[in-house]
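Please view the sequence and the structure first.

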Amino acid sequence: MSDVRAVAGNPSEVWDDLSWDDLNRAEQQLWGNLGWDADSWEEETDPPASSEKYWEELSGSERQSAEALGYTQETWDEEDEE
């Protein structure tokens, strides 16, 4: 997905500063694969189950989406521990 912005370093530092409307369609789709929607992104509802999972607990498609968003096992698990 070439429409996804390039992320260097800790992906959470990029994504956490954006509103759902700041995300392009491809990015919203990838986050949607991880269970996020506009309401959960904007903290109006609880975050999806994927946000509580360690990398090894993610499904194959969830891992692919996370990787496309710039996450690695290390950065995903770091986020989960916070």
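**Summary**

Trp-31 has a relative accessible area of 4% and is therefore buried (under 20% relative accessible area, with exposed meaning over 50% and partly exposed in between; 1.4 Å probe, protein chains only). The model is predicted: local features need pLDDT of at least 70, side-chain atom pairs count only at pLDDT 80 or more, and totals for chains, interfaces and linings use all residues. Residues are numbered from 1 along each chain as its sequence is written, and side-chain values use heavy atoms, with hydrogens and water left out.

**Aromatic pairs**

- The structure holds 7 aromatic pairs (rings of Phe, Tyr and Trp, the last by its six-membered ring, with centres within 6.5 Å; planes under 30 degrees apart are stacked, over 60 edge-to-face, the rest tilted).
- One of them joins Trp-15 and Trp-31 edge-to-face, at 5.9 Å centre to centre and 75° between the planes.
- This pair links distant parts of the chain, 16 residues apart: Trp-15 lies in helix α1 (residues 11-15) and Trp-31 in helix α2 (residues 25-33).
- Both Trp-15 and Trp-31 are buried.
- Trp-31 and Tyr-71 have ring centres 6.1 Å apart and planes at 85°, so this pair is edge-to-face.
- Here the partners are 40 residues apart, with Trp-31 in helix α2 and Tyr-71 in the loop between α4 (60-68) and α5.
- Tyr-71 has 5% relative accessibility and so counts as buried.
- Ring pairs join Trp-15, Trp-20, Trp-31, Trp-36, Trp-41, Tyr-71 and Trp-76 into a cluster.

**Asp-77**

- Asp-77 belongs to helix α5 (residues 73-81).
- Asp-77 is buried but has no salt bridge, and the nearest side chain of opposite charge, Arg-63, is 8.6 Å away.
- A salt bridge needs a side-chain nitrogen of Lys or Arg within 4 Å of a carboxyl oxygen of Asp or Glu; Lys and Arg count as positive, Asp and Glu as negative, and His and the chain ends are not counted.
- A polar atom of the Asp-77 side chain lies 2.7 Å from the backbone nitrogen of Trp-55.
- Leaving out residues up to four places away in sequence, Asp-77 touches Tyr-54 and Trp-55 (heavy atoms within 4.5 Å).

**Whole chain**

- The protein chain has 5 helices and 0 strands (DSSP runs numbered from the N terminus: H or I of at least four residues, E of at least two).
- Buried residues account for 34% of the 82 residues.
- Among contacts between residues at least 6 apart in sequence, 38% join residues at least 24 apart.

Key:
A polar contact is a pair of N or O atoms within 3.5 Å; within protein, one must be able to donate a hydrogen and the other to accept it, and residues adjacent in sequence count only if both atoms are side-chain atoms.
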